[in-house]
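Please open the structure in your viewer and keep the sequence beside it. The tour below moves from the whole chain to single residues, with something to select at each stop.

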Amino acid sequence: RKMRNKQSLLMIGILIGIFAFGQANGQEFTLQSDELQGQLTMHQVYAGLGCAGKNSSPALRWVGVPKNSQSFAITVYDPDAPTGSGWWHWLMVNIPADTRGLTADAGNLSKKLAPEGSLQSLTDFGTPGFGGACPPVGDRPHRYIFTVYALEVAKLAITEQSSPAMVGFMLNQHALAKASLLAYYGRD
């Protein structure tokens with residue numbers, strides 16, 4: 001029960017911060033997903049490294065798009081990974097300005113479901129595309145932060161081989177606004 005209360009307080013704090021950032025820019029930019037209801041499912045769990053999920057990115061949509069948005073980006077980050085620097089699970093950039101969401105499994109490069117012109121760069125798995133959750137057995141549930149960025153540029157100067165740190169730097173340099181969803185996943 002204490003864990004659930006801490007998780008609820010953390011989620012409320014993140015949502016307030018996101019709302020305040022959007023309000024400061026005159027927008028109510030929000031990221032939504034019918035698939036993510038606070039917990040990841042086996043669809044968003046990695047297939048490998050001892051995990052037996054489907055490794056499928058969730059369907060996402062965003063509303064309250066800031067004026068002058070030239071493109072969007074999506075990231076998924078686990079700050080609880082035992083690496084000292086967290087773990088990047090997904091980085092998709094150069095999503096066209098008229099896009100308002102992604103279909104389920106858009107992070108699977110072989111299915112070609114991502115919007116035309118978008119680019120998926122390296123994750124901490126060492127490959128582009130979505131890499132699902134796979135925290136160590138016995139760790140407390142990890143936080144997975146899904147974030148959409150509204151950007152002031154149509155294209156970021158990165159490639160599929162760009163590091164998550166470089167992508168993060170470029171996103172923060174060009175963000176008009178961002179909105180996040182938080183979901184948890186742990187293994188016993």
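What follows is a walk through the fold, its sheet, its aromatic pairs and a few single residues.

**Before selecting anything**

This is a predicted model, in which local features need pLDDT of at least 70 and side-chain atom pairs count only at pLDDT 80 or more, while totals for chains, interfaces and linings use all residues. Residues are numbered from 1 along each chain as its sequence is written, and side-chain values use heavy atoms, with hydrogens and water left out.

**The whole chain**

Begin with the cartoon view, where the protein shows two helices and 10 strands; helices (H or I, at least four residues) and strands (E, at least two) are DSSP runs, numbered from the N terminus. Followed along the sequence, these elements make the pattern α-β-β-β-β-β-β-β-β-β-α-β. Of the 188 residues, 46% count as buried, where buried means under 20% relative accessible area, exposed over 50% and partly exposed in between (1.4 Å probe, protein chains only). Among the contacts with a separation of 6 or more, 72% join residues 24 or more positions apart, a contact being heavy atoms within 4.5 Å.

**The five-stranded sheet**

Now select strands E8, E6, E5, E9 and E10, which in that order form an open sheet of five strands with antiparallel pairing. Strand E8 (119-120) and strand E10 (175-185) stand at the edges with a single partner strand each, so one side of each has no neighbour in the sheet. Strands of a sheet pair through backbone hydrogen bonds, either parallel or antiparallel, and here two strands are taken to pair if DSSP finds at least two bridges between them.

Step across the sheet from strand E5 (residues 71-78), which pairs with strand E9 (residues 142-151) in the antiparallel sense over seven bridges. Within this pairing, Val-76 has Phe-146 in E9 as its bridge partner. Helix H2 (residues 164-174) packs on the sheet, where it touches E5, E6, E9 and E10, and its direction makes about 130° with that of E10; the axes are lines fitted to C-alpha atoms, for helices over the stretch in contact, and angles run from 0 to 180 degrees between N-to-C directions.

E5 also pairs with E6, again antiparallel and over seven bridges, and there Ile-74 stands opposite Met-92 in E6. E6 and E8 are joined by two bridges in the antiparallel sense, with Leu-119 in E8 as the bridge partner of Val-93. E6 is mostly covered, since seven of its 10 residues are buried.

**Trp-87, in strand E6**

Which strand holds Trp-87? Select this residue and you will find it in strand E6 (residues 87-96), where Trp-87 is partly exposed, with a relative accessible area of 24%. Leaving aside its neighbours within four places in sequence, the contacts of Trp-87 include Val-76, Asp-124 and Phe-125. The C-alpha atoms of Trp-87 and Phe-125 are separated by 8.6 Å, although the two residues are 38 residues apart along the chain.

**Aromatic pairs**

How many aromatic pairs does the structure hold? There are six; rings of Phe, Tyr and Trp (its six-membered ring) pair if their centres lie within 6.5 Å, and planes under 30 degrees apart count as stacked, over 60 as edge-to-face and the rest as tilted. Trp-62 and Phe-72 form a tilted pair, 5.4 Å centre to centre with 45° between the planes. Trp-62 lies in strand E4 (residues 60-63) and Phe-72 in strand E5, so this pair ties together parts that are 10 residues apart in sequence.

**Cys-51, in strand E3**

Finish at Cys-51, which lies in strand E3 (residues 51-52) and is buried, with a relative accessible area of 8%. Not counting residues up to four places away in sequence, Cys-51 touches Val-45, Tyr-46, Ala-133, Cys-134 and Arg-187.
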